[in-house]
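Hello,

Here is the structure I promised to hand over. Please open it first, then read my notes below.

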Amino acid sequence: MVDQFLWVIFPYMCIVIFIVGHIFRYRRDQFHWTAKSSEFIEKKQLMVGSLLFHLGIIPVVFGHVAGLGIPKSWMRAMGVNDHLYHIGAVYIGGIFGVVTLLGMLILTSRRFTIRNVRRLSSASDLAVNVLLLFIVFMGLYATLVTNAVQPEFDYRSSISIWFRGLFILRPDPSLMTDVPFSFKLHALTGFAIFAFWPFTRLVHVWSVPLNYVGRSYILYRRNKSK
């Protein structure tokens with residue numbers, strides 16, 4: 001019963017909250033659909049931390065998409081054997097994971113230790129920072145430590161198949177039974193952040209300012225009366 005909840009019910013709950021929450025917030029709360037930037041309070045740490053985080057998280061996301069979404073047999077058919085994939089996942093993924101973690105450490109430290117930034121932050125801002133930091137840490141721990149301690153474990157034969165099963169409505173919780181704890185915790189907290197997403201500053205991810213490309217220039221004139 002516990003496995004059924006953790007690996008079937010809970011992921012679907014998070015996905016539903018993610019979708020319905022975004023629709024609700026967009027329809028009812030567009031004025032607060034923002035990243036609530038605190039750049040005017042402190043800029044140096046924000047710039048460094050944000051740069052590191054975004055440089056790291058984009059390759060990490062693509063790595064997750066490839067590892068979870070593409071079956072092992074497809075990878076082999078494209079000429080990517082298991083050894084080559086392992087090098088990419090562990091070493092290249094590990095490097096970008098470290099970069100992401102450093103960025104999150106700087107951003108989280110900034111939000112908690114700089115008084116004016118902390119006062120500007122809501123409870124959800126603080127919670128998201130801590131949760132993201134924990135997710136990144138567990139992902140890096142699973143990649144570098146668990147893979148080294150348990151080299152025989154292949155998440156593409158368990159976690160990936162379970163994950164794809166969720167989206168074809170055929171989830172198999174038994175696939176997660178023998179998965180190492182670090183991978184389980186990383187997966188559960190990963191789904192949890194999707195449930196938090198619509199109600200936090202993370203919604204700014206979808207606000208791509210495409211209208212800036214075609215908008216008219218703003219003209220400023222000097223006031224000659226002064």
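One cut-off to start with: a residue is buried under 20% relative accessible area, exposed over 50%, and partly exposed in between. Leu105 has a relative accessible area of 41%, so Leu105 is partly exposed. Please keep in mind that this is a predicted model.

**The chain as a whole**

The chain has 226 residues, and 36% of them count as buried. Its secondary structure is helical: nine helices and zero strands. From the N terminus on, the order of elements is therefore simply α-α-α-α-α-α-α-α-α. The chain exposes about 14800 Å². Carbon and sulfur atoms supply 69% of that area. Residues 24 or more positions apart account for 81% of them.

Which residues form the nonpolar patch on the surface? They are Val98, Leu102, Leu105, Phe137, Tyr141, Leu144, Val145 and Val149. Together they have about 670 Å² of accessible area. Two helices, α4 and α6 (123-149), each supply at least two residues of the patch. The largest share comes from α6, with five residues.

Is Leu101 buried or exposed? Its relative accessible area is 15%, so Leu101 is buried. What does Leu101 touch, leaving aside its neighbours within four places in sequence? It is in contact with Leu133, Val136, Phe137 and Leu140. Phe137 is also one of the patch residues. Leu101 and Leu132 are 31 residues apart along the chain, and their C-alpha atoms are separated by 9.3 Å.

**Aromatic pairs**

How many aromatic pairs are there? The count comes to eleven. One of them joins Phe18 and Phe194. The pair is edge-to-face, with 5.3 Å centre to centre and 70° between the planes. Phe18 lies in helix α1 (residues 2-28) and Phe194 in helix α8 (residues 181-196), so the pair ties together parts that are 176 residues apart in sequence. The two partners fall in separate burial classes. Phe18 is buried, because its relative accessible area is 18%. Phe194 is partly exposed, because its relative accessibility is 34%.

Phe18 also forms an aromatic pair with Trp197. This pair is edge-to-face as well, at 5.8 Å centre to centre and 90° between the planes. It links distant parts of the chain: Phe18 is in helix α1, and Trp197 is in the loop between α8 and α9 (211-214). The two residues are 179 residues apart. Both Phe18 and Trp197 are buried.

**Two more things to look at**

Trp7, Trp162, Phe163, Phe167 and Phe191 form one aromatic cluster. Then go to Tyr85. Which residue has its charged end over the ring of Tyr85? That residue is Arg156, and its charged end sits 3.9 Å from the ring centre.

**Where to begin**

I would begin with Phe18, and look at its pairs with Phe194 and Trp197.

Best wishes

Note on methods. Residues are numbered from 1 along each chain as its sequence is written. This is a predicted model: local features need pLDDT of at least 70, side-chain atom pairs count only at pLDDT 80 or more; totals for chains, interfaces and linings use all residues. Side-chain values use heavy atoms; hydrogens and water are left out. Buried means under 20% relative accessible area, exposed over 50%, partly exposed in between (1.4 Å probe, protein chains only). Contact means heavy atoms within 4.5 Å. Helices (H or I, at least four residues) and strands (E, at least two) are DSSP runs, numbered from the N terminus. Accessible areas come from the Shrake-Rupley method with a 1.4 Å probe; for residues, only the protein chains shown count as cover. Patches are made of residues with over 30% relative accessible area and no salt bridge: like charges are joined within 9 Å, nonpolar side chains (Val, Leu, Ile, Met, Phe, Trp, Tyr) within 5 Å. A salt bridge is a side-chain nitrogen of Lys or Arg within 4 Å of a carboxyl oxygen of Asp or Glu. Rings of Phe, Tyr and Trp (its six-membered ring) pair if their centres lie within 6.5 Å; planes under 30 degrees apart count as stacked, over 60 as edge-to-face and the rest as tilted. A charge sits over a ring if NZ of Lys or CZ of Arg is within 6 Å of the ring centre and within 35 degrees of the ring normal.
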